[in-house]
4 protein chains.
Amino acid sequence: MASPVLTSVSEKRNLQYLARFTQVRSFTESICRPLTPEDHVVQPMADVSPPKWHMAHTTWFFETFLLNAYDPNYQLFHPDYSYLFNSYYESVGKRVLRAHRGNMTRPPVEDILRYRTHVNAAMQALLDREEAWPERFYYILEVGLQHEQQHQELLFTDLKYILGNNPLFPAYREDVADLPAATPRPSGYLTVDEGVYPIGFAGEGFCFDNELGRHQVYLHACRLQDRLVTNGEYLEFIEAGGYQNFRYWLAEGWDWVKTHQATAPLYWHQIEGEWHYYTLGGLKKVDLHSPVTHVNYYEADAYARFRGKRLPTEFEWEVACQQQGKLPDAANLGDREIWHPAPAAEGQPQLYGDVWEWTSSAYLPYPYYQHEDGALGEYNGKFMISQMVLRGGSCITPRDHIRPTYRNFFHPDKQWQFTGIRLAETV
Amino acid sequence: MASPVLTSVSEKRNLQYLARFTQVRSFTESICRPLTPEDHVVQPMADVSPPKWHMAHTTWFFETFLLNAYDPNYQLFHPDYSYLFNSYYESVGKRVLRAHRGNMTRPPVEDILRYRTHVNAAMQALLDREEAWPERFYYILEVGLQHEQQHQELLFTDLKYILGNNPLFPAYREDVADLPAATPRPSGYLTVDEGVYPIGFAGEGFCFDNELGRHQVYLHACRLQDRLVTNGEYLEFIEAGGYQNFRYWLAEGWDWVKTHQATAPLYWHQIEGEWHYYTLGGLKKVDLHSPVTHVNYYEADAYARFRGKRLPTEFEWEVACQQQGKLPDAANLGDREIWHPAPAAEGQPQLYGDVWEWTSSAYLPYPYYQHEDGALGEYNGKFMISQMVLRGGSCITPRDHIRPTYRNFFHPDKQWQFTGIRLAETV
Amino acid sequence: MASPVLTSVSEKRNLQYLARFTQVRSFTESICRPLTPEDHVVQPMADVSPPKWHMAHTTWFFETFLLNAYDPNYQLFHPDYSYLFNSYYESVGKRVLRAHRGNMTRPPVEDILRYRTHVNAAMQALLDREEAWPERFYYILEVGLQHEQQHQELLFTDLKYILGNNPLFPAYREDVADLPAATPRPSGYLTVDEGVYPIGFAGEGFCFDNELGRHQVYLHACRLQDRLVTNGEYLEFIEAGGYQNFRYWLAEGWDWVKTHQATAPLYWHQIEGEWHYYTLGGLKKVDLHSPVTHVNYYEADAYARFRGKRLPTEFEWEVACQQQGKLPDAANLGDREIWHPAPAAEGQPQLYGDVWEWTSSAYLPYPYYQHEDGALGEYNGKFMISQMVLRGGSCITPRDHIRPTYRNFFHPDKQWQFTGIRLAETV
Amino acid sequence: MASPVLTSVSEKRNLQYLARFTQVRSFTESICRPLTPEDHVVQPMADVSPPKWHMAHTTWFFETFLLNAYDPNYQLFHPDYSYLFNSYYESVGKRVLRAHRGNMTRPPVEDILRYRTHVNAAMQALLDREEAWPERFYYILEVGLQHEQQHQELLFTDLKYILGNNPLFPAYREDVADLPAATPRPSGYLTVDEGVYPIGFAGEGFCFDNELGRHQVYLHACRLQDRLVTNGEYLEFIEAGGYQNFRYWLAEGWDWVKTHQATAPLYWHQIEGEWHYYTLGGLKKVDLHSPVTHVNYYEADAYARFRGKRLPTEFEWEVACQQQGKLPDAANLGDREIWHPAPAAEGQPQLYGDVWEWTSSAYLPYPYYQHEDGALGEYNGKFMISQMVLRGGSCITPRDHIRPTYRNFFHPDKQWQFTGIRLAETV
């Protein structure tokens, strides 16, 4: 008679992490599967990294911070890779300048996939044992997984940029739409009362250091739209001459409009008098009821001014989001379930049908923010200048990254993320 | 027997404004008096405007918004000047691109002075009458005077840049020091208790639209240094390799250090092993006890990190300032009387001995901020992106511009203003 | 009994062209065969075109100028390719800007190979018939083949640049050396007597329009080195501080040195005190007896000045070359047979062991030069400004492009071609 | 009875030089006299130097190469001036970067004038003696005078650029026209027979090193227009869509057209449907019969192609010029006396009514060209790349600089010199 196998707590934790590790790692590869080798290598603008680079850099993270540190027998896959696939960690030595990533045709994609397999196997060996690792090990592992998930989102936006700027407009996958067709409905408002509210992450689970340091903010009474601004609404701005009238624009935004001769969101093309846009499923007619996306902060702010409103602060947004979440009946902010996103179909990209929302808050540290020491301390804090906070999550954001306190951030001129607009006003 | 001359309320108001108008206008000219004609014309970097241009542009303001609007008989001094001396008012038509201002050798300085005389005389005629003008007239007049005072400060910083980058390092005036020698004293702290505080302008008198909309903020307990960081303290940062160690710097700041090969604040030069700096009085040895100045936000932030501290938010600063101001005995924030600056000696530049203080707050609208319509609405609101707030005032700030609620703002890389550092920490 | 097949003159000409067409076209593909798909797509600097692009563009030439013009039944392979793969022919419509070629990941390499097959088959059908085509047809066909051969050379230099700037320095083929090891021998001189000489192409066979218009030039007596400058000789220039001494350099060249912090030819790297260079066979120690290559005009001119000599004019070079060629015993210019290069091994890249030679002549039209009309007229004439003539041919130049009258041309700052130095002096 | 004063040969030579020195030096100052101090200081594009700088730099030449070298008692006017007013002589130490010249408001114009007086007095003392100086002294003195004369021409073109780009279009002097009104006449041709001709300077008098080394060239028969292309003729090119049709342009020229949105020569403005141009006398209607000027090489070459002709080579030009000069009756090339220009009115700028003529020759060394050693060797040779030769002289060229062998040179995109067109063709 077979005796039952008892699994220790440590072993169980290791196995749970292994399962997640495996799932996260393989999803990255599934994102790249529809791409050609050629698609993996280019960098059409500085913000976009080659898909191959994303696959290697996320692997480099585990090799550098876990395998090199915790496995004395670990054999580097290739001695030059630590130089090639470092991104911006100044503390970990020399790196390829961001703007030159797109010229690195070697190592080829197949080597990168072998690199992933090599590191995955070594990681699996570490997790496949009964004893516990030090807590720091699990922390770094968690950061590595979160980091890889962030790069999964960037993979989508970067490959969209690569394909969407190709004169042939090839679809990433014919069977996907990045934002689903939406049912029209008028916009209502969510009201936030004047008062002092807690802000920042609390409770169990993972969060980034920029969400920590729960603290109080005072909010004046305000209200936020209960759904996102749609393409149809944004088209009214375009057709009212919004891109030709400086009055709606920040000075810096107006310079951007003129320099780029902007007339519509990124990926929009007027073809024979009709507006189309490039989606991951190819070139389509603009769906008037879907949320507008690929607008930068200047455009979001100009649109708000056109409507006589403004963007919400990140604090207003977080409080509104928390309040809605507490309601037993309609636990969502507008027309999506913001922190309960739809489950992704098996083995497929998760396309939730939503966009990151520009807030009017600059990306700055919270009052109790601590800079972490060492390389991981370079993760968030050093970017806290000249960027604006976005809240929510998008159709391509990994579901466990969608939470009320998550702070995304981009420079105000960036359009290539799935970014949209929710209006607010002080009442 | 002579009957007494009765002065009506309107007439008195007009006369008071005339006196102020005359004083403000003539002070601008006194700032330029030590300059050569050649000094008036160049623009060594895009941020710096030629002194001649400042003199003309401030005059253009009165001509465009008051004389053209309220005096049907007003004769333009020159039909092209409205085109030449518009700065950034998109609503008032074509303008010379900022970067080309420095090539306009004509009109010569003497014509600009005649232009000033022409407009002054016309303004005097408007103010030299017994009846009242519509309230809007006084409002624009007030804005025009405040505007000219802001340009007086820019005149000082711009001429300092022009002369301070000349290989001969000519003094602006041998008899001035921009920052006075200071008495050494150790730094203490001003404490702000946790609580909800009012922010923004209240009461009588002029303020800019960006200060308006009195509202509440919640502050966690914190403390601010009771004096500014000194050159001596900053030198410790330099000598500890502060400019060579990425760990102290924001990523954007570190790029700035490398691109500009920065090793010290603007105007600092190491001559035969000893640090000197250019002042309005010429090249001097660095005074270790004076407040450090001409540091940009990146430098201020890096210095704070070096000390394990941070910069105050603009709200912490304003509350600390208000609290100190209420005390009957020591009405100052640190070592200067911040909103009761020393009176300037007659007919001389006002050199108070102080610097603008970088805060960690981005320049953004207050909750109740209203964009004003028309050209005057372009004054502040359209710059509310990508800049940081500075509080206080500097040795060259007109004294009536120094108040606890005044919000100055510059991009984080700018050094040419008199900008300094006060450290803070959450407690 | 089988009757003999009689081949008409026309048919024979067609078949001869078909054989050459097939040989030239397949050689292009054999050049690309060692590359990964990723290698085919990038453009690490504006001068370098992606290998994929070369393969498509040479195909586009036959499709556009022959198939579209002479085959009424020809079906375009893809309607967008004429837009995608036009290079600089303004007369043939819209084209992708040169600097964006490197972002075109689609069509993938395999589609380009199918495009080549499609066009090859259609061309074969045209050549596979008994009747003659109009003379214009053969002329364009000839130009198309010459054009493809020019791109074969560019393919080698561009793929060398792509691989040689990769941090891993991957070999193109381990079994090739771009320049063979050479036997040391002292340099002698070839003398050209004063006199009037004919210049330009004469006789049968193909040449480019820039060689046409046989005409006279007067030469003063001069002499040219009878072999190329070697790496060892050039190293003496480096070690004598050649790159640190402005006296040797043209002003523009000195600016180039400082801007690029140049210290050696392109692809040279000092590794642990020893000079290496990247070759198509990988990173090797510098062979001191091989001709120096990958120097630009500034470097060639500076080296000549260092030696108290100068570069030859293109006329001196051509006359010296013709004179040597006429001699029955030693028909070569120095140490190579310049217009009778060694036959290439079967199915392999032709690597002759030689370099293009910078002359001191600017690339300008000959006295009887005629601009051809139409798109083919854009081939040469419009580049006749700001470039210098190179003569000879290199280790990767197709053998039928090596002739005494051939005029190659590049801007004086270009290093990525196989370019070298032969000294001259007036006597 | 007064005895006659005998003047030695040496003394006479010294006195003759003194007279010329005085005349040349004072003419420089007379050119600047109509300028305001502000006009003296700016540098609206990199090619243009501030007038003040020209005045100082020409003075620096005499101070550096004569007074410092030959006068042991000479006192420098100011120790920093050698640093401030060096132009491009790498051998004479540190210099202010060309692009920063326009920010040097100090020393002011009046100091520069005092500098000139100081150096003039010291030079006068050297020349005011009976003994001869070494020949080298006279040679450098001659170069210094020629150098200053070259800067006189640049002074005119630079001040034209400064004033002509001012939105007010101020006249330099109301009483001058840079090119005089011309009498219409049809263009004939000057024929040059096939043959071998001598090229380069021969005989007595001064010339630059780039004219030296008399040598032979072979010319094919050709003919040159006997007058310059007029504004009216050039207007036909404009009106025929010349600036919109790539077929006329060199590839580099077509890029220039598109980048600069060029539609006419520099200084041309269409005002209410009529073409005007800025002249030194202010804005005028275009005179259809005057020679077209302020065209760059691209424009000259495109115009020639439009007419089915070409530009002459510098050798054709020199031979045609010499042949015409030999004719006893009408010793001129076309409609001007090219090497016998009209005498200038006393104390006035010399405005001859003519333009420099673009040739199709690149600026390269003659066969026997020798690089001079030392700083004076940097004068010409180091610029022999990427520039085109111009021949003749312009309305503002000092008359003793107009000779058949003089080689002027500019980059093909430059328009700010008085440059024009004479067509040629091979016959």
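Biologist: Over how many bridges do β5(D) and strand β6 (residues 274-279) of chain D pair?
Modeller: In this predicted model, strands are DSSP runs of E (at least two residues) and helices runs of H or I (at least four), numbered from the N terminus. Two strands pair if DSSP finds at least two bridges between them. β5(D) and β6(D) run antiparallel, and the number of bridges between them is four.

Biologist: What pLDDT do local features need?
Modeller: Residues are numbered from 1 along each chain as written, chains are lettered from A and ligands numbered from 1 in written order, and side-chain values use heavy atoms, without hydrogens and water. The model is predicted: totals for chains, interfaces and linings use all residues, side-chain atom pairs count only at pLDDT 80 or more, and local features need pLDDT of at least 70.

Biologist: Which residue in β6(D) is the bridge partner of D:W268?
Modeller: β5(D) covers residues 268-271, and β6(D) covers residues 274-279. The partner of D:W268 in β6(D) is D:Y277.

Biologist: Which strands of chain D stand at the edges of the sheet?
Modeller: The open sheet has three strands in the order β5-β6-β7 (chain D), with antiparallel pairing. Each edge strand has a single partner, so one of its sides is left without a neighbour in the sheet. The edge strands are β5 (268-271) and β7 (282-285) of chain D.

Biologist: How many residues lie between β6(A) and β7(A)?
Modeller: Strand β6 (residues 274-279) and strand β7 (residues 282-285) of chain A are antiparallel and joined by four bridges. Within this pair, A:H276 is opposite A:K285 of β7(A). The two strands form a hairpin, and the number of residues between them is two.

Biologist: Which residue in β10(B) stands opposite B:V389?
Modeller: Chain B has an open, mixed sheet of four strands in the order β10-β9-β8-β11. Its edge strands, β10 (408-410) and β11 (419-420) of chain B, each pair on one side only. Strand β9 (residues 388-391) of chain B runs antiparallel to β10(B), with three bridges joining them. In β10(B), the residue opposite B:V389 is B:F409.

Biologist: What area is buried between chain B and chain A?
Modeller: Buried area is the accessible area (1.4 Å probe) that two parts lose on being put together, summed over both. Carbon and sulfur atoms give 62% of the area here, and B:Y218, B:H220 and B:I385 lose the most on the chain B side, together 19% of what that side buries. The contact (heavy atoms within 4.5 Å) takes 41 residues from each of chain B and chain A. The buried area is about 2,900 Å².
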